[in-house]
Amino acid sequence: MSDDFDRVKSILVDLDLSIVQEDAAEELVVVQDEEAGIVNLLIDCEDPLLVLEQHIFRVPEAASPKLYERLLQINRTTVHGAFVLDEEGENVFFRDTLQLPTLDPAELESSIAALSLALAENAGELLELAGH
């Protein structure tokens with residue numbers, strides 16, 4: 001387990017995020033703050049990057065091009081990170097990457113807050129795009 005991983009975990013605890021799962025060998029944790037919309041946010045130390053990724057929804061089978069267009073438009077107003085597709089194009093995730101060696105607690109807090117804000121500002125539309 002690296003010092004970076006310990007530092008990241010310490011920051012997460014200071015931010016009052018609940019660590020619900022941890023894999024020290026892979027240097028990743030899963031955190032939650034359901035009130036802020038943070039549900040199973042994967043935080044992975046992939047030196048030199050810290051990767052944050054949360055599943056948002058499964059792409060509906062009959063997804064229209066409008067879904068992808070709106071995700072790109074939402075990304076334009078997102079402060080940190082972006083809504084992305086997995087390699088198969090079947091799932092939408094929120095994803096952000098930060099530099100691990102120079103990681104500042106405020107930077108990580110801002111990235112997580114950006115996810116929460118993006119979800120709050122776009123909740124209705126994201127549910128609609130997901131087909132709910």
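How many bridges join β2 to strand β3 (residues 38–46), and do the two run parallel or antiparallel? In this predicted model, five bridges link β2 to β3, and the two strands run antiparallel. Strand β1 (residues 18–23) is likewise joined to β2 by five bridges in an antiparallel arrangement. Five of the six residues of β2 (residues 28–33) are buried, so this strand is largely enclosed by the rest of the structure.

| Hairpin | Residues between the strands | Turn residue with positive phi |
|---|---|---|
| β1 and β2 | four residues | Glu27, about 55 degrees |
| β2 and β3 | four residues | Gly37, about 85 degrees |

Within these pairings, Asp23 stands opposite Leu28 in β2, while Asp33 has Ile38 in β3 as its bridge partner.

Helix α2 (residues 65–77) has the buried residues Leu67, Arg70, Leu71, Ile74 and Asn75. Viewed down the axis of α2, these buried residues fall within an arc of 145 degrees, so they line one face of the helix. An α-helix has 3.6 residues a turn, so residues three or four places apart point the same way. The buried residues of α2 pack against β4, β5 (82–85), β6 (91–99) and α3, whereas the face turned away from the buried side carries the exposed residues Pro65, Leu72 and Arg76.

The largest pocket has a volume of about 160 Å³, and its lining includes Gln54, His55, Phe57, Leu119, Leu126 and His132. The elements that contribute two or more residues to this lining are β4 (49–58) and α3 (105–129). By residue class, the lining of the largest pocket comprises seven nonpolar, three polar and no charged residues.

Note on methods: Residues numbered from 1 in each chain as written. Predicted model: local features only at pLDDT ≥ 70, side-chain atom pairs only at ≥ 80, totals over all residues. Heavy atoms only, no water. 1 Å grid on protein atoms, 1.4 Å probe; cavity = no way out; pocket = protein on both sides within 12 Å on 5 of 7 lines; lining within 4 Å. Points joined across faces, edges and corners; volume = space filled by probe spheres on them. Nonpolar A, V, L, I, M, F, W, Y, C, P; charged D, E, K, R; others polar. Buried < 20%, exposed > 50% of the residue type's maximum accessible area, 1.4 Å probe, protein only. Arc of directions from axis to C-beta. Contact = heavy atoms within 4.5 Å. Pairing = 2+ DSSP bridges.
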